[in-house]
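Let's take a walk through this fold together. We'll begin with a sheet, then turn to a pair of helices.

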Amino acid sequence: MSDNHTVNAAEGDIDLEQYTQSVIASISSKASPRVRKAFPILIKKLHEFIVEADVTVEEWQAGQVTTVQRDEMVLVSDVLGVESLVDILAFKRTAEAAKNDEKSSSNEVSHSAILGPFYRHGVPVQPNGTTIVRQFEKDAGYTRLFGTVYDSEGKPVKGAMVDVWHDAPDGLYDAQDPSKPQNHCRGRFQTDENGRYETICLRPTPYPIPFDHSAGKLLQMMGRHPYRPAHIHFWIEAPGHKTLVSQVFDRESDYLKDDAVFAVKDSLVIDFVPIEQGKSAKEGYEARAELKDVLKYELEQDFRLTKAVSQEDPGLDIQGLAIGGEPVVKA
């Protein structure tokens, strides 16, 4: 993995030592001799602690320091591969639980990915099929995004909440740019009686993570770039099910092999399918008149949830730790 940061999580059997070595290998030969000597030790010991202590996503989130615009602690841990390592451990637990679930119709589980620093709490729920693009984006890749949320037995989940967010064509999230409309390129949707959700979004673009403070200094010291491949974030929750935080990555994007935060997994790389005149062969879909000339792609993305953790281990409500929220312990 020294030349490729993508994680192959297809079987849920991830080599953690190899993952740590991929983070260490990302340090450029252009970094100073001191950095090339000291940082591998720092990263190795930090990752060893996380694995040995079996740190959970909830525990990691509880340590963050949040501002309205961003979370520098998250960014620092991201560039050191910490958040993705915590996510890998969480996925391994979920995959193991699915294997032991006798009622599960399949051992397959939807793969998770890191939350990142730009999730927003309290985004209003909107009707399925409506757009999360709050202002017109000229020459942008308008996309019909839709899919079904299933439970561990393969049954559609009615009433699941699906959070979607991604960057605008300029590479910025709404939280980074006060000139953008509130909740531009983000929205929440509730699945219908068939477990379906649908929205109009944009084909995302690669962007640099904020690198003007601590995270940026670390990247510069290691001789690394700050860029992330184009991706869409998801947060999916439903009563009785484990919350799923994930991302999907555009197969045609740059930086898939060297994501600055090591979040790419082979199983999360997807294809945007071109459509013409706002029409799709799937379900005979035809866009509304105002979208016909701008709707260029569609992406069908299904998700499979697993059962909730036991009541003996409720954990933290990590949604309460997002931008605009406060940590609360689930009852």
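Five strands make up an open sheet of mixed pairing, running in the order E3-E2-E7-E8-E9. Strands here are DSSP runs of E with at least two residues, helices are runs of H or I with at least four, and both are numbered from the N terminus. Two strands pair if DSSP finds at least two bridges between them. At the edges sit E3 and E9 (269-270), each of which pairs on one side only. What you're looking at is a predicted model, in which local features need pLDDT of at least 70 and side-chain atom pairs count only at pLDDT 80 or more, while totals for chains, interfaces and linings use all residues. Residues are numbered from 1 along each chain as its sequence is written, and side-chain values use heavy atoms, with hydrogens and water left out.

Now find strand E2 (residues 161-165). Strands of a sheet pair through backbone hydrogen bonds, either parallel or antiparallel. E2 pairs with E3 (residues 186-190) in the antiparallel sense over five bridges, and there Val162 stands opposite Phe189. With E7 (residues 231-237), E2 again has an antiparallel pairing over five bridges, and Trp165 stands opposite His233.

Is E2 buried or exposed? Five of its five residues are buried, so the strand is largely enclosed by the rest of the structure. Buried means under 20% relative accessible area, exposed over 50%, and partly exposed in between (1.4 Å probe, protein chains only). Both faces are covered: Met161, Asp163 and Trp165 are buried on one side, and Val162 and Val164 on the other.

Over at E9, the pairing with E8 (residues 244-250) is parallel, with two bridges. Asp250 has Ile270 of E9 as its bridge partner.

On to the helices. The axes of H2 (residues 33-53) and H5 (residues 82-100) come within 10 Å and cross at roughly 25°; axes are lines fitted to C-alpha atoms, for helices over the stretch in contact, and angles run from 0 to 180 degrees between N-to-C directions. The two helices are therefore roughly parallel to each other, a label for angles under 35 degrees. Leu46, His47, Ile50 and Val51 of H2 make the contact with Val82, Leu85, Val86 and Leu89 of H5, where contact means heavy atoms within 4.5 Å.

Ile41 also lies in H2. This residue is partly exposed, with a relative accessible area of 48%. Ile41 and Ile24 are 17 residues apart in sequence, and their C-alpha atoms are 8.9 Å apart in space.

Notes:
Angles under 35 degrees count as roughly parallel, over 145 as roughly antiparallel, 65 to 115 as roughly perpendicular and the rest as oblique.
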